[in-house]
Amino acid sequence: MSLPVVLISEEEIQQRVAALAERISNEYGDDDELVLVGVLKGSFIFLADLARKLTIPRTIEFIAVSSYGSGSKSTGAVRLVMDVRGNIEDKHVLIVEDIVDTGHTLKYLIGMLESHRPASVKTCALVRKAERAEVDVNVDYLGFDIGDEWVVGYGLDYAEQNRTLPYIGVVKPTDEFDAFIHAAALWPLLRWIQA
Ligand code: PRP
């Protein structure tokens, strides 16, 4: 993996998160409790910042899913690993995602959470790769549309690395690059065998 190159700065993220929080606070109001459902693991930083900037009553839930597939290739099938703990029946639910890529995860989550019979289900995502969409899924509150690049930071990872960067950066996780690194690590051993 290459070193991350800044795509969205810390300041831009903080401004956008504040704007989203203001909009969400205005649109839901004080009358009903809003349940923020963070999708593990990637949403944990976005959710923490967004939740603290809201000015309306809110509670936090987490949910975990796993998508079938290997490496960066997804088959589109999503499996529930951990459901919400609290009762969300008749409550307003806002799913909080770090990234919408193909859209399969968010589409699955909307259907799954609707089965709990909440008052409403809406969606919030920090970034979306619009050109990667494979299913039609609505993002009610969106931070940024980005291109088809591998991004890390602010919760997003590549092979569990770089989640805690304060900005969103682009990396190049090419197979060729990884193969080169692995081959380089083996060079001393190959030389020793040849000697
Ligand atoms: C990411 C992200 C979404 C999902 C989106 O999770 O957090 O949940 O992929 O992809 P999709 O739109 O193609 O369905 P990931 O599987 O990387 O797990 P993580 O959040 O634990 O990093």
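How many helices and strands make up the secondary structure of the protein chain? The chain has 4 helices and 9 strands. Helices (H or I, at least four residues) and strands (E, at least two) are DSSP runs, numbered from the N terminus. The model is predicted: local features need pLDDT of at least 70, side-chain atom pairs count only at pLDDT 80 or more, and totals for chains, interfaces and linings use all residues. Residues are numbered from 1 along each chain as its sequence is written, and side-chain values use heavy atoms, with hydrogens and water left out.

**Overall layout**

From the N terminus, the elements run β-α-β-α-β-β-β-α-β-β-β-β-α. Of the 195 residues in the protein chain, 41% are buried. Buried means under 20% relative accessible area, exposed over 50%, partly exposed in between (1.4 Å probe, protein chains only). The accessible surface of the chain is about 10800 Å². Carbon and sulfur atoms hold 52% of that surface. Accessible areas come from the Shrake-Rupley method with a 1.4 Å probe; for residues, only the protein chains shown count as cover. Among contacts with a separation of 6 or more, 65% join residues 24 or more positions apart. Contact means heavy atoms within 4.5 Å.

**The open sheet**

Three strands form an open antiparallel sheet in the order β1-β9-β8. Its edge strands, β1 (5-8) and β8 (150-152), each pair on one side only. Neighbouring strands here are turned by 45° against each other on average, direction ignored. Such angles run from 0 to 180 degrees between N-to-C directions, and the axes are lines fitted to C-alpha atoms, for helices over the stretch in contact. β8 is joined to β9 (residues 168-171) by 3 bridges. Two strands pair if DSSP finds at least two bridges between them. Trp-150 has Val-171 in β9 as its bridge partner.

**Arg-163**

The loop between β8 and β9 holds Arg-163. Arg-163 is buried, with a relative accessible area of 13%. Its side chain makes a polar contact with the side chain of Asp-157 at 3.4 Å. A polar contact is a pair of N or O atoms within 3.5 Å; within protein, one must be able to donate a hydrogen and the other to accept it, and residues adjacent in sequence count only if both atoms are side-chain atoms. Not counting residues up to four places away in sequence, Arg-163 also touches others, including Lys-41, Phe-44, Ile-45 and Tyr-154.

Helix α2 (residues 44-53) buries Ile-45, Phe-46, Leu-47, Asp-49, Leu-50 and Ala-51. These pack against α1 (10-28), β2 (34-40), β3 (58-67), β5 (92-100) and β6 (120-128). In α3, the buried residues are His-104, Leu-106, Leu-109, Ile-110, Met-112 and Leu-113. Their cover includes β2, β3, β4 (78-82), β5 and β6.

**The ligand site**

There are 14 residues around the ligand. Glu-97, Asp-98, Thr-102, Gly-103 and Thr-105 come nearest. A residue counts as near if one of its heavy atoms lies within 4 Å of the molecule or strand in question. β5 gives the most to the shell, with 4 residues. Both β5 and α3 (104-114) supply at least two residues each.

| Residue | N or O atom in | Distance to a ligand oxygen atom |
|---|---|---|
| Glu-97 | side chain | 2.7 Å |
| Asp-101 | backbone | 2.8 Å |
| Thr-102 | side chain | 2.5 Å |

On its own the ligand has 500 Å² of accessible area, and the protein covers 77% of it.
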